[in-house]
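Have your viewer open and your selection tool ready. We will walk through a few stops together, one selection at a time.

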Amino acid sequence: MATEEIRVRGTVQGVGFRPTVYRLAKACGLRGDVCNDRQGVLIRVSGSEEALIEFVARLQTECPPLAKINQLTRTPYKGKFNFNNFVISRSVSNAIKTEITPDAATCPQCKQEIFDPFSRFYRYPFTNCTHCGPRLSIIRAIPYDRCNTSMSAFVICPECAKEYHDVENRRFHAQPVACHVCGPTAWLERADGKSVTASMFSMLDDVDAVCTLLQKGEIVAIKGLSGIHLACDATQETVVQKLRQRKKRYHKPFALMARDIEIIEQYCPINVKEKELLTSSAAPIVLLQASGKKLVAPSVAAGQNTLGFMLPYTPLHHLILRRMNRPIVLTSGNFADEPQCIDNDEAREKLGTIADYFLFHNREIINRVDDSVVRVVGDKVQTIRRARGYAPAPISLPPGFHNVPQILAMGSELKNTFCLLREGEAILSQHLGDLENAAAFNAYQETLNLYLNLFEHQLEVIAVDKHPEYLSSKLGKQLADTNQIKIYQIQHHHAHIAACMAENRIPLNSPPVLGIALDGLGYGDDGTLWGGEFLLADYQKFQRLATFKPVAMIGGEQAIYQPWRNTYAQLIAANLWDNCQQQYADLEIFKFLKSKPLKLLNQIIEKRINSPPASSVGRLFDAVAAAIGIYRDECSYEGQAAIAMEAIVDVSSLNNDKETLIYPFSFSFSDSIYCIDPRPMWQALLNDLQQQISQPVMAAKFHKGLANAIVEMVKHLSQENLINQVALTGGVFQNCILLEQVTKQLQTLGIKVLTHSLVPTNDGGLSLGQAVIAAAQLIHDY
């Protein structure tokens, strides 16, 4: 007989792991106990050597659906062992080294119960078990026990307690377990304060009444799992427009929810990978091609060829949509750019002018977690926003990062996340939004404090972006000063590349890769704004080998929201403006630009008054889009014009290899750096405008030309440097056409291409890169 202590680390709390251990131990005839502690799960077990081997093997193959074993260690147990059977013991406390499970979509068994009239969970909107339900959104502290969640406010009833303590039951130790008798309740309110009566709708209950309200064209604020959403019928243009005006979100696409896959397929074709994502426990928003038999209201996603669909991920949503045979808009409950509301009183105050009705419940949301957004590019998942369902599941770091101090990386200014690095794992926060908004910055600080407390993260090193004005960087410097710890300032595009390397598990001491980081902008090492960079990089350092020609951002931030400014700046930088007045005076874009105060614009460019030069490929996209007539005058969010231009690309032109269907770029070398110059592209584009070539064809020619230019630069740089791997990163590579074109051509050359999947290619993944660079530099320093 052998007696062992088995330590299991990973996602092993709140996921039915202890019941599985219990069941397997009994099946193998073992004695001992299992308990949760702050390192994960601890098993003390005694039995024959053969039984122990079988037990450990089955533990890994029969792991619960939401569990993940990162490490399992076996050591001889030398303490007192007084067990005649196998039992589940109470949780114990010591240093925190465990993980917090992401919120999980309703499992099939719970869904079946809420629609079963003979089940005690019939129509109960907060039904859950160890395989599904709230986790991160309700947790205050760990271990993950009911007393450390917002469910502590609800005293468990005898029936639920019986299931909770029954090891053979699916709800054994399911901390949020509840029912009609003892759990949270939902109710409907009118935004105008008048009372709501069941007789108004003759529905089953308040939750069922929401469906009728949506069908009648009302806007309903719905408190869900990890935030409050605004909902309306996605097929009624009038109400969608009304929601846009009230919410002050004039152009950004709305997310959609549909009852089932069959309804989504009426609006978008779905491949196998997309279906897997939609039906997964993460239940993200999946961007799908909008080419179905039916159409949603035009204002749902104007100027785009994709729709963002998700399936119901809580019993509440399933019950609301039971009678809904068409999709609904389900967008965050906030005004544009503000954090999503999570509190009832806050929602009444802030959303009272947007929603006609509120569906509230009395379970407190502790952590605000937005819906995740993903898409499938080729056969690979691309994460655009990592939040509900994915965060804060840890990301295992590559070899070489397993013995680094605890590091906090503060992230970027836009699409912010922060990252905790510890014991070979990166814990990336959920998407926290744009910190330029005061409320979002406050929410960022609250979430950061919560994570530091939850994980008892001891600040030893802080990593920040080099940009001196980023609020996240300023806060990081304050924390470093207060705690008197080392701070590393990380270059923006180096962080993008390092994040891509880390998620692709490139070992710490590997040779450098060629990172191509294309985005809106980031603070460069020379004090200028970068955004089109070719960096030879490892985790410690980088060398800037090539860039795109810097062009003034006229008016600074204004250039992001008025694309024509970029067009004019590009034409000036290419020395084509005088030529325009002679050859292209009749062009619409030329007439448009002539109506602007060009004398003033020329002065601020010349004197560099709030017009910093930037090598931004994001602004180049905006400039081209404006030139061909897409969102020329104004955009309401960054990249709107570029996204719209991608959506209209002519596929036949894209797949045609004729050189006449590719815009050319030129290359130069000066000051020890290569430069891609779009001047020939502009000359060709102006000629096309004069010949009245269609927008879709010109959009295709630009995408192909840009991809070719990138690949040609890689060819040249690979001859001068030992390059066998290229990392594609930065927000511009959210463009599927560019990503696929560049990837395909590089792979044809025999070059291994690294792209993002686990973390966003945009600034949402930046904190991971900051953290691993700081770790590498720290190791090098010592």
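**Stop one: a helix pair**

Select helix 19 (residues 617-627) and helix 20 (residues 640-647): their axes come within 8 Å and cross at roughly 65°. Axes here are lines fitted to C-alpha atoms over the stretch in contact, with angles from 0 to 180 degrees between N-to-C directions; helices (H or I, at least four residues) and strands (E, at least two) are DSSP runs, numbered from the N terminus. This is a predicted model, in which local features need pLDDT of at least 70, side-chain atom pairs count only at pLDDT 80 or more, and totals for chains, interfaces and linings use all residues. Residues are numbered from 1 along each chain as its sequence is written, and side-chain values use heavy atoms, leaving out hydrogens and water.

Now show the side chains. Phe621, Asp622, Val624 and Ala625 of helix 19 meet Ala641, Ala642 and Met645 of helix 20 (contact: heavy atoms within 4.5 Å).

Next, pick Phe702, which touches Leu620, Phe621, Val624, Met645, Tyr663, Phe665 and Met681, not counting residues up to four places away in sequence.

**Stop three: helix 5**

Move to helix 5 (residues 206-215), where eight of the ten residues are buried (under 20% relative accessible area, 1.4 Å probe, protein chains only). Among its covering elements are strand 6 (186-190), helix 9 (315-320) and strand 13 (357-361). At the start of helix 5, find the side-chain oxygen of Asp205 within 3.1 Å of the backbone nitrogen of Val207. Just after helix 5, stop at Gly217, with its positive phi of about 90°.

Notes
Buried means under 20% relative accessible area, exposed over 50%, partly exposed in between (1.4 Å probe, protein chains only). A polar contact is a pair of N or O atoms within 3.5 Å; within protein, one must be able to donate a hydrogen and the other to accept it, and residues adjacent in sequence count only if both atoms are side-chain atoms.
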